[in-house]
Amino acid sequence: MDTEFKKELKSWIIALVCALLFVFICRNFIFTPVKVVGQSMQPTYENQDHVIVSKIGQIKHFDTIVFHSPIENEDYIKRVIGLPNDTIEIQDDALYINGKKFEEPYLQQNKSELLPNQKLTENIKITVPKNHIFVLGDNRQNSMDSRQIGCISEKAVIGKAIFRFYPIVEKY
């Protein structure tokens, strides 16, 4: 082998190793792709949607997050309703966080499908423990969330869903 070929091969190997290292760091510490399984987040996310999850940044009310389930070996995607020390109350499908009423526009489609006198969720009142969060699915009638599994440890959170990359769909 001539020295020119060896130099070229070495530069390609270094570039490939750097690219793989970059992908490894990004995937494990910055973002990761996740596939949605189930209908609990409809209509925001549909079954089999693929989303990018950011592993950096602070979680806020109404963010959609992915976390390790405390009851099975799966990851769940849900909406953050309560942060540590928040008092969450749902009364006749109206959400109150620390006594203040909040609108939930992502529930409108599911509310429009209800029968008269039917509610999306039962009335609840809970104070979120320290280092935990309270999560609910957007499809409240078909969601395994904090109402059943309790508040989620902040340590179980993988990250925040930031956008759907498959399928590419425009919502009107």
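Select Asn117, in the loop between α2 (108-112) and β8 (124-127). Bear in mind that this model is predicted. Look at the backbone of Asn117: phi is near 65 degrees, a positive value in a residue other than glycine. Is Asn117 buried or exposed? Asn117 is exposed, because its relative accessible area of 84% is over the 50% cut-off.

Next, select Asp93. Find this residue in the loop between β5 (87-91) and β6 (94-97). Asp93 is not glycine, yet its phi is positive, near 65 degrees. Now check its cover. Asp93 has a relative accessible area of 12%, so it counts as buried, the cut-off being under 20%.

Now for the prolines. Select Gln42 and Pro43. What kind of peptide bond joins Gln42 and Pro43? The bond is cis, with omega at about 5 degrees. Pro43 sits in the loop between β1 (31-35) and β2 (50-54).

Move on to Tyr166 and Pro167. The peptide bond from Tyr166 to Pro167 is cis, and omega is near -10 degrees. Pro167 belongs to the segment after β11 (157-166).

For the last stop, show the surface. Select Leu21, Phe24, Ile25, Phe29, Ile30, Phe31 and Ile56. Together they make a nonpolar surface patch of about 660 Å². Which element gives the most to the nonpolar patch? Helix α1 (residues 3-30) does, with 5 residues. Zoom in on Ile30, which is found in helix α1. Ile30 has a relative accessible area of 33%. That makes Ile30 partly exposed, because partly exposed covers values between the buried cut-off of 20% and the exposed cut-off of 50%.

Definitions and conventions:
Residues are numbered from 1 along each chain as its sequence is written. This is a predicted model: local features need pLDDT of at least 70, side-chain atom pairs count only at pLDDT 80 or more; totals for chains, interfaces and linings use all residues. Side-chain values use heavy atoms; hydrogens and water are left out. Patches are made of residues with over 30% relative accessible area and no salt bridge: like charges are joined within 9 Å, nonpolar side chains (Val, Leu, Ile, Met, Phe, Trp, Tyr) within 5 Å. Accessible areas come from the Shrake-Rupley method with a 1.4 Å probe; for residues, only the protein chains shown count as cover. A salt bridge is a side-chain nitrogen of Lys or Arg within 4 Å of a carboxyl oxygen of Asp or Glu. Helices (H or I, at least four residues) and strands (E, at least two) are DSSP runs, numbered from the N terminus. Buried means under 20% relative accessible area, exposed over 50%, partly exposed in between (1.4 Å probe, protein chains only).
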